Amino acid sequence: MANHKSAETRIRNSATKRLRNRYQSKTTRTSIKTLRTLTEKPEAEVLYKKISSMLDKLAKKKVIHKKKAANQKSKLAKVVSKIGKEVAVKKAGKRTAKKVSK
């Protein structure tokens, strides 16, 4: 138990900050999961910009490490760039399969 007024204040402040940090970090994680499930590139690009901003803010406030934020942004950028290519590859694969069968 805290004996000083400043210690009691710090306990209250840290509890408030902890709740805020947990909320922001959970919101970011949920958005990342949503981004990974998207199949349309324009939507993914818009969401990626928002998520990268969220990650930067978390890193700036030291909720997460700055290198973790950079790694996550890098992985998500790969996911976003792959979205358009996967669709093109799938379509191309179907076309070549039809040509071979004839």
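Q: Where does valine 80 sit?
A: In this predicted model, valine 80 has its place in helix 3.

Q: Why is valine 80 called buried?
A: Buried means under 20% relative accessible area. Valine 80 comes out at 7%, so valine 80 counts as buried.

Q: How far apart are valine 80 and proline 42, in sequence and in space?
A: Along the chain, 38 residues separate the two. In space, C-alpha to C-alpha, valine 80 and proline 42 are 9.3 Å apart.

Q: What makes proline 42 exposed?
A: Proline 42 is in helix 2, and its relative accessible area is 56%. The cut-off for exposed is over 50%, so proline 42 gets the label exposed.

Q: How many helices and how many strands does the protein have?
A: Three helices and zero strands. Read from the N terminus, the elements run α-α-α.

Q: How do you know what span to expect for helix 1?
A: Helix 1 has 33 residues, and at 1.5 Å a residue the expected span is 48 Å. The model gives 49 Å from the first C-alpha to the last, which is close to that expected value.

Q: Which residues of helix 1 are buried?
A: Ser25, Thr28, Ser31, Ile32 and Leu35. For the protein as a whole, buried residues make up 18% of the 102 residues.

Q: How many salt bridges turn up in a search of the whole structure?
A: The search finds one. The side chains that meet in a salt bridge are those of lysine 73 and aspartate 56.

Q: Why is the contact of lysine 73 and aspartate 56 called a salt bridge?
A: The cut-off is a side-chain nitrogen of Lys or Arg within 4 Å of a carboxyl oxygen of Asp or Glu. Here the N to O distance is 2.9 Å, so the pair qualifies. As background, side chains of opposite charge can pair when their charged atoms come close.

Q: What does the pair of lysine 73 and aspartate 56 tie together?
A: Lysine 73 lies in helix 3 and aspartate 56 in helix 2, so the pair ties together parts that are 17 residues apart in sequence. The C-alpha atoms of aspartate 56 and lysine 73 are separated by 9.1 Å.

Q: Why are lysine 73 and aspartate 56 called partly exposed?
A: Partly exposed runs between the buried cut-off, under 20%, and the exposed cut-off, over 50%. Lysine 73 has a relative accessible area of 22%, and aspartate 56 has 38%. Both values fall in between, so both residues are partly exposed.

Q: Which residues form the positive surface patch?
A: Arg10, Lys17, Arg20, Lys57, Lys60 and Lys61 form the patch. The elements that give two or more residues to the patch are helix 1 (5-37) and helix 2 (41-60). Three residues, the largest share, come from helix 1. Arginine 10 is in helix 1.

Q: What is the phi value of lysine 62 near?
A: Phi of lysine 62 is near 60 degrees, a positive value in a residue other than glycine. Most residues other than glycine have a negative phi. Lysine 62 lies in the loop between helix 2 and helix 3 (66-101).

Q: How do you know that lysine 62 is exposed?
A: Its relative accessible area is 73%. Exposed means over 50%, so lysine 62 is exposed.

Definitions and conventions
Residues are numbered from 1 along each chain as its sequence is written. This is a predicted model: local features need pLDDT of at least 70, side-chain atom pairs count only at pLDDT 80 or more; totals for chains, interfaces and linings use all residues. Side-chain values use heavy atoms; hydrogens and water are left out. Patches are made of residues with over 30% relative accessible area and no salt bridge: like charges are joined within 9 Å, nonpolar side chains (Val, Leu, Ile, Met, Phe, Trp, Tyr) within 5 Å. Accessible areas come from the Shrake-Rupley method with a 1.4 Å probe; for residues, only the protein chains shown count as cover. Lys and Arg count as positive and Asp and Glu as negative; His and the chain ends are not counted. The place of a charge is taken as NZ of Lys, CZ of Arg, CG of Asp or CD of Glu. Helices (H or I, at least four residues) and strands (E, at least two) are DSSP runs, numbered from the N terminus. The expected span of a helix is 1.5 Å times one less than its number of residues. Buried means under 20% relative accessible area, exposed over 50%, partly exposed in between (1.4 Å probe, protein chains only).
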